[in-house]
Amino acid sequence: MNIACLGYGVVGKGVVEMFTNDSRINIKHILVRNLEECPLAVATLDIQDILNDESVDCVVEMMGGIDFPYHCIKESLLRGKHVVTSNKAVMAAHYEELLTLAKEHHVQLRLEASVGGGIPWIHSLLQQVRIGNVYRIEGIFNGTTNYIFDQMHTRHEEYSKILKEAQSLGYAESDPSSDVDGYDIQRKLMISSSIAYKTVVDMTKFTLASMRNIQLSDILYFEKYGFRCRYFATSFVEDGKYFGSVEPTLFEQTTQPACVSVNHNLTILYHDTLGVLQLVGQGAGRYPTANAVVQDILDVYEEKWSNIQMEKELTYDDSLSNTRLCICTSEEGLDVFDAYLVRKEQVGHRYYGWTMDLDNETKCQLVNEASKKDNSFFYAVVR
Ligand code: HSE
């Protein structure tokens with residue numbers, strides 16, 4: 001089968017390397033930004049070389065970004081080419097349109113590598129939705145931020161130092177705010193939830209909290225009470241309604257999420273006959289992500305079709321969620337929560353409080369107000 005790779009960065013290089021000496025797959029073109037970036041004769045600067053080449057059966061998009069990849073994917077589908085992508089940003093932004101286009105043109109649009117790196121997560125979801133209902137998904141969907149929390153707990157070093165390390169290891173997005181402000185996880189939760197609930201969820205409704213204000217003193221405070229912090233995503237459906245959130249979350253030290261180390265991801269689904277399925281693996285990095293891309297390409301080659309459904313209509317409902325929080329802030333920031341606190345204390349310059357159960361609307365209002373009073377405000381949900 002002839003393929004064209006779009007992008008020769010961290011993932012693209014891994015995919016090309018994994019197909020060296022593989023007679024099943026012929027890489028006909030590699031789209032690059034400049035020819036110095038790639039020493040191979042098949043490198044090109046012009047997407048038209050690929051779109052106009054009728055012998056290309058499958059386009060493999062690994063560029064990142066939204067607008068240009070969207071154009072490339074759309075044009076490829078319109079010309080009857082299968083597409084494999086690792087790009088969660090473009091899929092979350094144009095999910096319904098691109099999947100509908102693929103169906104209309106009788107080609108595959110596969111996206112295993114867009115969520116969970118090397119974990120066969122999308123595959124597991126699609127397998128389970130064939131024979132019943134997935135009603136909840138949750139987990140750790142970002143390698144960079146798990147690396148940061150894990151290393152802050154393990155080595156007791158500051159956030160900025162460990163973020164730089166994660167970037168140099170090739171886990172982080174080029175724009176770090178995608179990782180540390182939760183947008184990357186929000187997109188992955190959108191894709192996973194839409195597949196799980198056979199619908200198209202509105203990710204802008206998800207409750208989203210940044211992790212960028214975490215301080216080493218907060219980590220030490222959580223440990224004093226036996227907790228570890230993880231950047232955790234949850235979504236669930238109840239009676240035709242759904243809820244979703246992406247928030248730093250505290251887990252007791254012996255629980256599974258607290259033990260997920262380095263850049264690993266943890267993906268969990270709840271199914272009406274299977275029960276709970278948990279998968280742990282490398283969520284970021286060249287070879288794990290390339291592995292997922294290669295699996296998709298081989299599925300196209302072997303003519304194994306994936307069937308993503310979108311027919312269910314669900315509405316978003318904020319009132320489905322109640323959570324307790326641990327607040328890390330200034331004296332003024334903590335005052336905002338005063339009527340809802342069950343315990344508070346001061347450690348050095350930082351003020352800490354533990355809330356009673358809060359409905360989501362109240363929680364978001366209080367968090368907004370406190371963030372205006374203290375620009376180092378941080379909270380974590382307590383599980
Ligand atoms: N920046 C992402 C992460 C890459 O750290 O998980 C994989 O999606």
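1. Asn2 is buried, with a relative accessible area of 18%, where buried means under 20% relative accessible area, exposed over 50% and partly exposed in between, using a 1.4 Å probe and protein chains only. Asn2 belongs to strand β1 (residues 2-6), helices (H or I, at least four residues) and strands (E, at least two) being DSSP runs numbered from the N terminus.

2. This is a predicted model, in which local features need pLDDT of at least 70 and side-chain atom pairs count only at pLDDT 80 or more, whereas totals for chains, interfaces and linings use all residues. Residues are numbered from 1 along each chain as its sequence is written, and side-chain values use heavy atoms, with hydrogens and water left out.

3. Leaving aside neighbours within four places in sequence, Asn2 is in contact (heavy atoms within 4.5 Å) with Asn26, Lys28, Ser55, Val56, Asp57 and Cys58. The side chains of Asn2 and Asn26 are joined by a polar contact of 2.8 Å; a polar contact is a pair of N or O atoms within 3.5 Å, and within protein one must be able to donate a hydrogen and the other to accept it, while residues adjacent in sequence count only if both atoms are side-chain atoms.

4. Gln256, in the loop between β10 (241-252) and β11 (264-271), counts as partly exposed at 36% relative accessibility. Its side chain makes a polar contact of 3.1 Å with the side chain of Gln278, and the C-alpha atoms of Gln256 and Gln278, 22 residues apart along the chain, are separated by 9.5 Å.

5. Helix α3 (residues 67-78) has twelve residues and reaches 17 Å from its first C-alpha to its last, close to the 16 Å expected at 1.5 Å a residue, the expected span being 1.5 Å times one less than the number of residues. The buried residues of α3 are Pro69, Tyr70, Cys72, Ile73, Ser76 and Leu77. They cover an arc of only 165° around the axis, which puts them on the same side of α3; the arc is that of the directions from the helix axis to the C-beta atoms. After α3 comes Gly80, with a positive phi near 75°.

6. At the ligand, an oxygen atom is 2.7 Å from an N or O atom in the side chain of Lys88, and an oxygen atom of the ligand lies 2.8 Å from a backbone N or O atom of Gly143. A nitrogen atom of the ligand lies 2.8 Å from a backbone N or O atom of Tyr171.
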